[in-house]
Amino acid sequence: RAASRFLRASSGSFGVKICRVAEGRAHVFAKPYAFKLWDVAPGEVILSEAGGKLGLWSGRPIAYDGPVVIENKLLAAPAGLFSKAVTALAAKEDRA
């Protein structure tokens, strides 16, 4: 089973977890819970500068310029793993 290859670790706020991906201490951060844009925006800058990508489980980027301030299903991953993570998360939701 593929999920057995992953280690789950708790490390604090959304920003800290995004930065763990940016520094290579975590491969992927996927969280189904609601988050506010101001909780993830600084982490996205750091992750982006490190070559990573932040978005939603659907693969959509986070829209900071719209009326929505609360989103769900955050995904942070290195750019090369992001689309694979989107596919894996979609398969997981299909099975649920």
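Glu-23 is partly exposed, with a relative accessible area of 48%. Here buried means under 20% relative accessible area, exposed means over 50%, and partly exposed lies in between (1.4 Å probe, protein chains only). The model is predicted, so local features need pLDDT of at least 70 and side-chain atom pairs count only at pLDDT 80 or more, while totals for chains, interfaces and linings use all residues. Residues are numbered from 1 along each chain as its sequence is written, and side-chain values use heavy atoms, without hydrogens and water.

Glu-23 takes part in two of the contacts described next. Its side chain meets that of Arg-20 in a salt bridge (3.6 Å, N to O). A salt bridge is a side-chain nitrogen of Lys or Arg within 4 Å of a carboxyl oxygen of Asp or Glu. Glu-23 also forms a salt bridge with Arg-25, whose closest N and O atoms are 3.5 Å apart. Arg-20 is partly exposed at 25% relative accessibility. Arg-25, at 61%, is exposed.

The whole structure holds 4 salt bridges. One of them joins the side chains of Glu-93 and Lys-73 (2.4 Å, N to O). Glu-93 lies in helix 3 (residues 79–95) and Lys-73 in strand 3, so this pair ties together parts that are 20 residues apart in sequence. Helices (H or I, at least four residues) and strands (E, at least two) are DSSP runs, numbered from the N terminus. Glu-93 is partly exposed at 35%, and Lys-73 is partly exposed at 29%. By shared partners, salt bridges join Arg-20, Glu-23 and Arg-25 into one network.

Lys-73 sits in strand 3 (residues 70–78). It has a positive phi of about 65°, although it is not a glycine.

Strands 2 and 3 pair in the antiparallel sense over 5 bridges; pairing requires at least two DSSP bridges between two strands. Lys-53 has Ala-77 of strand 3 as its bridge partner.
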